[in-house]
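Hi,

Here is the structure I promised to pass on. Have a look at it first, and then read on for my notes on its aromatic rings.

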Amino acid sequence: MLKKHFKSKPNTKVGALPDIGMGKQHLLHDFKRYYGHRLGRDENCRSSYYAYEALSLAVSDRLTERWKKTYNAYKETDCKRAYYLSMEFLMGRTLSNAMLSMGISNAVESAMYELGLDIEELIENEPDAGLGNGGLGRLAACFIDSCATLQLPVTGYGLRYEYGMFSQTIVNGEQVENPDHWLRNGNVWEIERFEYKQRIKFGGRTETHIDENGRNRVCWVETRDIFAVPFDTPIPGYQNDTVNTLRLWKATATEEFGLEEFNAGDYAEAVAAQNSAENITMVLYPNDANENGKALRLRQQYLLASASLQDVIATWIGRHGHDFSDFAAKNCFQLNDTHPSIAVAELMRLLIDIHGLDWKEAWDITRNTMAYTNHTLLPEALERWSVNLFKQLLPRLIEIIFEINARFLAEVSAHWPGDKERLARMSLIEEGDEQHVRMAYLAIVGSYSVNGVAELHSKLLQQGLFHDFYQLWPKKFNNKTNGITPRRWLVACNPDLAKLITETIGDGWLTDLSLLKKLELYVDDKTFCKRWYEVQQSAKQKLIDFKKQELDVDLNVNALFDVQVKRIHEYKRQLLNVLHVIHLYDRIKRGDTANWTDRCVLIGGKAAPGYFMAKKIIKFINNVAKVINHDPDIGDKLKLIFLPNYRVSAMEKICPGADLSEQISTAGKEASGTGNMKFMMNGALTIGTLDGANVEIRDEVGDDNFFLFGLTEEQVEATRHHYDPVTLIGQDEDLQRVINLIENGHFSQFEPSVFDDIVASLKNPHDPWMTIADFRSFVDAQKRVEAAYQDKDRWTKMSIINCANSGKFSSDRTISEYNNELWKLTSVVIPK
């Protein structure tokens, strides 16, 4: 029936179409067709959203053409594949990235200009995809970008959240969480693939029977099933015709509508199953402070793992039948943090219960296909689920985990006979009033690789958090320092700087960031330095303009733009930043302004809804800002701004306009950080502790181009046993004045005692973040910042050196290391 529509080319296969033109006129034609016919709009339409949608459809057509070619190339070569499982993919906006990747930005801009449309205004209509929270999700987005650019056959797997983290507004200084319904108008970039849905089991019980070969088999029965339906998004490489896939799962009911209940008048019950199923992928990171929240998060993690593994296995069987002998040689799974670690037990279940392999065969496949990336040094951030919860939701999985643990502990016992304390420490099951499954340990035991994400982080994992496992399997542990994609985080977000760089050293750096090192040849070129400074100032003005309508504060473009934007958390020490701001405020009020450096301090980030202290810190920042920004004595000398609703598209405006990047976490607490890399790549200088990737940034740029302060990780641990913040406050007059201002209600005159919890945390001798311990060192480092900034020529040279030495922090480099050392994939060139 369908073939008659392709009779113009008798030998053309169904689905094959002529190539779509990439020029301005082709784009204009398709834009008009979509705008007028598909969307039914004309020149009388007042909303620019429909122009954005028409343009996105036209661009998407061109991506889809290359997407199909990539799929067929992978299929024909039968290449080894990798799968990146992550609970977050913080993608940002797609339109501008797609245009850049296909090399059609100029053609699109020219076509829209001819129609009287501003391309920037159209791009602003696209909501940020609400698929992530912070660095973990943005890293995953950078990684799949680099996989496509390196032409590696890698598929991303995640969840299609109906609502993102939340949209943040500030009311009376406090964070208010509003629903982030990013899918309100649909998503033109995704394709629903209902034919690839997977059935996901929950609840029920297990029973054992003897199969036809006389072997014991376990059946998981009487389950409450749902469907996971995939939605595919194209991920283009940079101007190489490769388009990989990000597959996101949506939970739906096996039966959407109960007609019998509806006819009986029970209308709520008629749609109850659908509503219950869809709750699983409704919200990113539901609050797990209660049992219902914990159950929902475990359901999310299992849905991601089960649906993704079933999908991969179904593809394998479709091409290779039920012979799994080469499965491990052709497939590998990268687990992005501990959230997807249930995949270890689920792959065992699928191979044994569904496909008939024995335990040894299944375990050999699992341990040779799973690789685990750890992203945290905070023990409380590692997933732990109660055994009772597992028994209720995933009874077959907990049986498999107990069996894995029994066999693993036998191996440990053989290695360290009689060491009961070590057995207890390494067990996958944590004993206590209630048993818990240590999910990170499951990931370690079931993987062939365990990596940290910065050199210091990996060392600390091996020496501390996972030391017992490192002693058992030292060759399993390795480091893969994080990176970011320069396409989004320099070319797209800072086009003026990218243009200057390309004019100076050529365009090879776009895919080989190490070539930025050539910029060091120009640090003494006065003409080049002048242009660099002008580009930086222009970016700061654009940031001012971006926030002018939202913020009732005038910013001075010549002031030092001091920026800290990241998730609000005590270990990231936004508090330390604000203490320094109060110190500067106090100096101005006392008339201590000789040789002053004007400063605008910009802080942004979201606090988890259930994190009381993080939300209190946001309130504190805003109260301090209100006092400072409305004090006529302060003027342009100092401003403090909280940037609400921090997200990817906001960071694309913020990082080009930053002079100073605040990376001030307590040493030994930050795994890596990627914001530090984004700022560095755009020429900002870093003030930071020796924590996470800061260590490697400092190694790359040199001591003279990095503002170091604070205790080292070793000093933090040595100080912890005799830490006395009250004594430290008493020994520092500046700090005394800062604390007195807070305690005396200067920033809470109409809200007495509102910041008592903050003061108590600062004075607590058991404060794990040791904010007070680093205050004096931080103030001294900030004085060095001021001295450097006052010398415009020196600061500009330091800015160039930071950008020039950011090559190591390209995600292309990181992914090349993953591939060369772990995945062993072969690049696939896509035919024209």
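Let me start with a charge over a ring: the charged end of R299 is placed over the ring of F202, at 4.9 Å from its centre. K678 is another such case, lying over the face of W489 with 4.7 Å to the ring centre. Please keep in mind that this is a predicted model.

Now to the rings themselves. Searching the whole structure gives 28 aromatic pairs. One of them is Y49 with Y50: the ring centres are 5.8 Å apart and the planes stand at 80 degrees, so this pair is edge-to-face. Y49 is buried, at a relative accessible area of 13%, whereas Y50 is partly exposed, at 25%. The cut-off for buried is under 20% relative accessible area, which is why the two fall into separate classes.

The pair I would look at next is Y84 and F143. Their ring centres lie 6.0 Å apart with the planes at 75 degrees, so this pair is edge-to-face. Y84 belongs to strand β1 (residues 81–85) and F143 to helix α6 (residues 135–149), so the pair ties together parts that are 59 residues apart in sequence.

Enjoy exploring it, and write back with any thoughts.

Best wishes

Note on methods: Residues numbered from 1 in each chain as written. Predicted model: local features only at pLDDT ≥ 70, side-chain atom pairs only at ≥ 80, totals over all residues. Heavy atoms only, no water. Phe/Tyr/Trp six-rings, centres within 6.5 Å; stacked < 30°, edge-to-face > 60°. Buried < 20%, exposed > 50% of the residue type's maximum accessible area, 1.4 Å probe, protein only. Helix = DSSP H or I, 4+ residues; strand = E, 2+ residues; numbered from the N terminus. Lys NZ or Arg CZ within 6 Å of the ring centre and 35° of its normal.
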